[in-house]
Amino acid sequence: LSNGTAPATWSITREAQLEHFQLLSEGTAKSVRAATFKRRRVIVKADRSSAHVHAFRGDKADAAAASVAAMHRSELRAELVYLEYLRGLPGVPDLLGGWVDGAGVTYVVEDAGTPIHVVHHDSRMKDVNKYMMLARRRPLGVARAILDCFRSFSEIGGFFLDDFAPHQFAFSGAPGSPRPPRGYLVDGPKGIAG
């Protein structure tokens with residue numbers, strides 16, 4: 001990323017390749033936006049830890065903010081490792097690319113589908129209802145997708161999810177489709193120290 005070369009599997013290496021941005025969430029660690037790449041919806045995650053440090057200026061607050069920012073940058077980079085290391089496994093969104101600029105690391109993943117839950121009641125609430133309908137109509141398919149997802153990141157990848165929350169998971173699939181539902185962990189887990 002930083003030396004200008006990108007893995008061969010990456011098709012997106014700069015923001016100018018994307019269009020139609022829509023903010024989905026913004027926290028102290030990262031912002032998450034939807035965008036379009038070649039008529040396909042993608043998710044863009046950007047490091048916001050530098051902005052967090054600049055928001056807190058003054059003595060002890062500076063040191064605390066810098067420490068929190070370093071932790072968030074580390075988590076963001078760990079998510080990149082998770083996405084690349086487990087590329088192609090069930091439950092792992094495809095990492096489509098990324099870049100580094102003055103604001104930090106930004107990376108793009110496939111849109112994994114409908115969230116199981118949103119943190120706040122917002123316009124995506126209708127998407128959560130789609131997930132609930134899928135779970136009611138295809139409970140065994142959804143259960144299998146969840147197990148496949150956990151098997152990928154924990155059993156195969158050796159990662160641990162220490163902040164388990166429904167908004168970290170998404171699903172794709174239609175209630176009446178013959179194709180099995182697919183579940184994804186959309187926030188990267190932590191590595192298990194060996």
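User: Is His20 buried or exposed?

Analyst: Buried means under 20% relative accessible area, exposed over 50%, and partly exposed in between, with a 1.4 Å probe and protein chains only. His20 has a relative accessible area of 58%, so His20 is exposed. This is a predicted model, in which local features need pLDDT of at least 70, side-chain atom pairs count only at pLDDT 80 or more, and totals for chains, interfaces and linings use all residues. Residues are numbered from 1 along each chain as its sequence is written, and side-chain values use heavy atoms, without hydrogens and water.

User: Where is His20 placed?

Analyst: Helices (H or I, at least four residues) and strands (E, at least two) are DSSP runs, numbered from the N terminus. His20 belongs to strand S1. His20 is not a glycine, yet its phi is positive, about 55°.

User: What is the strand order in the sheet?

Analyst: Two strands pair if DSSP finds at least two bridges between them. Here the order is S1-S2-S3-S5-S4, in an open sheet of five strands with antiparallel pairing. Strands S1 (19–26) and S4 (95–101) are at the edges with a single partner strand each, so one side of each has no neighbour in the sheet.

User: How many bridges join S2 to S3?

Analyst: Eight bridges join S2 (residues 30–37) to S3 (residues 40–47), and the two run antiparallel. Thr36 has Arg41 in S3 as its bridge partner. Lys38 lies in the loop between S2 and S3; Lys38 is exposed, with a relative accessible area of 71%.
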